[in-house]
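Please look over the sheet in the model below.

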Amino acid sequence: MFKFYPIAVITGLFAASSAFAAERLVVTASQSLDIARPAEVLVIPFSEVRQALGKEARPDHVVVRDAKGEILPSQVLNFNPDSEPGKEQLLFQHDFSAGEKSATFTIEKTEQPVPPFPSKVFARYVPERFDDFAWENDKMAHRAYGPALMVPSAGGDRMVSSGLDFWCKRVDYPIVDRWYLRSKGEYHRDSGEGLDMYDVNSARGCGGTGVWSNDRLYPSSNYTSWKVLANGPIRAIFELSYPLWDASGFQLSEVKRFTVDAGKSLDLIESTYTFASHAAFGDKTLSVAAGLARHKTNGAVTKNEGERWLSYWEDYGKHGQLGTAVVLAPDQDVRFAEDTLNHLAITTLHENKKLVYYAGGGWSERGEFKTKEAWNAYLSAFAAGLKSPVTLAYSSK
């Protein structure tokens with residue numbers, strides 16, 4: 001099944017014979033755009049590292065250096081280390097400046113284990129607050145609502161919603177654990193780190209989804225199970241599962257996989273739908289929507305069909321302005337709609353039954369996006385990067 005990720009496309013082959021171990025693997029990352037591309041995640045199959053540096057090369061005994069020789073933060077991923085040994089991936093990042101077409105890196109073995117790098121991403125289940133699931137990077141934070149929030153014992157906090165919350169951060173360091181130590185009223189006030197000023201309720205919030213049928217949205221309820229697959233320092237990956245619901249005659253469930261990268265203002269979200277009966281889908285198509293909550297603040301909506309994104313820029317008075325957005329993957333069609341609660345970007349699913357999109361936001365008080373135009377320019381550049389991914393070439397020395 002096709003999976004779209006905003007990561008490097010592997011194109012190179014080793015020139016040296018694998019019979020002789022090299023001292024280092026040289027990786028050249030190239031891109032064709034003239035725009036700046038901050039925090040690009042470069043992904044190297046670790047099997048390629050072993051092919052260059054020898055079979056004894058170990059994920060915890062390698063470093064990545066930039067062209068100046070400085071060690072870069074890196075991360076190793078392996079979702080199934082027992083059943084799929086040797087499937088590790090080595091991740092690191094590079095900020096392409098405007099006009100920069102290529103950058104070179106080296107991967108080398110070390111004698112001693114490489115200590116973990118400070119993490120810029122974080123995701124966890126929050127049982128102490130009605131089964132929330134919260135995540136963040138150095139730019140923003142989010143949460144989703146769990147099963148304990150749906151039952152009467154939740155009292156005045158009770159809420160049935162698969163919408164996604166957004167927390168505004170002023171700081172680059174992790175705040176999720178710190179904010180959950182406060183009472184609910186406290187993290188709705190800006191203590192100097194930021195605040196939760198965003199309302200979700202039963203709307204889609206910042207990137208929640210639903211089935212769109214006969215001009216009506218059919219969302220799921222709260223997530224019921226979770227799984228963390230990776231947790232930094234560069235990338236966090238987790239899944240939230242949503243139980244069976246009726247969407248205008250379709251009985252279906254959903255699993256959302258979130259990929260959260262350091263330095264990004266948008267997270268990758270892949271929604272996979274499973275039908276109670278395969279025959280229920282048949283040759284039909286399914287319209288699904290990713291949305292942004294409509295609020296009573298002074299908001300401005302921008303719909304860009306050609307670049308497949310929807311943005312909402314809102315004025316929060318003394319707390320500044322907030323831009324939120326959903327961006328669909330380049331291979332998905334898009335059309336736009338509204339209901340009483342949401343602005344929606346809608347796409348059509350065929351046999352793959354997967355929605356691939358990005359969602360997130362930018363807060364003016366961080367200083368990066370002071371205006372709607374700056375936020376929308378970021379979205380245009382992000383969409384261009386999705387259509388023109390970075391490529392990698394290798395050589396060994």
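**Sheet briefing**

Strand S18 (residues 250–261) pairs with S19 in the antiparallel sense over 8 bridges. Pairing requires that DSSP finds at least two bridges between two strands. Strands (E, at least two residues) and helices (H or I, at least four) are DSSP runs, numbered from the N terminus. This is a predicted model: local features need pLDDT of at least 70, side-chain atom pairs count only at pLDDT 80 or more, and totals for chains, interfaces and linings use all residues. Residues are numbered from 1 along each chain as its sequence is written, and side-chain values use heavy atoms, with hydrogens and water left out.

**Around S19**
- Arginine 257 stands opposite glutamate 270 in S19.
- Serine 271 has leucine 355 in S26 as its bridge partner.
- 8 of the 10 residues of S19 are buried, so the strand is largely enclosed by the rest of the structure. Buried means under 20% relative accessible area (1.4 Å probe, protein chains only).

- The open sheet has 8 strands in the order S16-S17-S18-S19-S26-S23-S22-S21, with antiparallel pairing.
- Strand S16 (225–231) and strand S21 (298–304) are the edges, each pairing on one side only.

- S16 and strand S17 (residues 235–247) run antiparallel, joined by 6 bridges.
- Tryptophan 226 stands opposite leucine 240 in S17.

Technical notes: Buried means under 20% relative accessible area, exposed over 50%, partly exposed in between (1.4 Å probe, protein chains only).
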